[in-house]
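Colleague: I would like to go through the fold of this chain with you. Could you bring it up, please?

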Amino acid sequence: MKKIYRLRKRRDFNYTYKKGKSVANQYLVLVYRRSGLPVTRAGFSISKKFGKSVKRNRIRRQLKEIYRKRIPYVKEGFDLIFVVRKNARDVEFSKLEEAVDNLLKRAELFKEMG
């Protein structure tokens with residue numbers, strides 16, 4: 001994922017948590033807010049309770065790839081944080097894709113097609 005699409009600074013994360021809205025499903029929570037920037041940035045949050053670093057980094061890589069494929073279809077001008085829940089530990093890649101799509105749809109962050 002290119003640098004311009006990543007949410008990286010602690011203050012951006014904190015501000016998004018504080019001012020953002022959230023939607024959730026059984027595997028993920030999406031916290032989002034309007035940023036006013038020309039691109040939508042995404043960050044990923046995985047608690048140490050989730051597992052050792054190998055597991056945390058694996059799911060982070062999977063989520064980054066899922067989101068990267070969807071960048072062209074997501075509305076511009078938002079900051080997003082995907083928070084991983086514990087029960088996503090042994091979930092299949094396809095289920096994670098469905099979970100991400102579900103959250104983006106419910107948050108109305110997909111561009112209108114057509």
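Colleague: How do β1 and β2 pair, and over how many bridges?
Modeller: β1 and β2 are antiparallel, with four bridges between them. Strands are DSSP runs of E with at least two residues, and helices are runs of H or I with at least four, numbered from the N terminus; two strands pair if DSSP finds at least two bridges between them.

Colleague: What do β1 and β2 form?
Modeller: A hairpin, with three residues between the two strands. Within this pair, Lys21 has Tyr32 of β2 as its bridge partner.

Colleague: What is the source of the model, and how are residues numbered?
Modeller: The model is predicted: local features need pLDDT of at least 70, side-chain atom pairs count only at pLDDT 80 or more, and totals for chains, interfaces and linings use all residues. Residues are numbered from 1 along each chain as its sequence is written, and side-chain values use heavy atoms, leaving out hydrogens and water.

Colleague: In what order do the four strands stand in the sheet?
Modeller: The order is β1-β2-β4-β3, in an open sheet with mixed pairing.

Colleague: Why is one side of β1 and of β3 left without a neighbour?
Modeller: β1 (21–24) and β3 (41–45) are at the edges and each has a single partner strand, so one side of each has no neighbour in the sheet.

Colleague: How many bridges join β2 to β4?
Modeller: Seven, between residues 28–34 and residues 78–84, in antiparallel strands. Arg34 is opposite Phe78 in β4.
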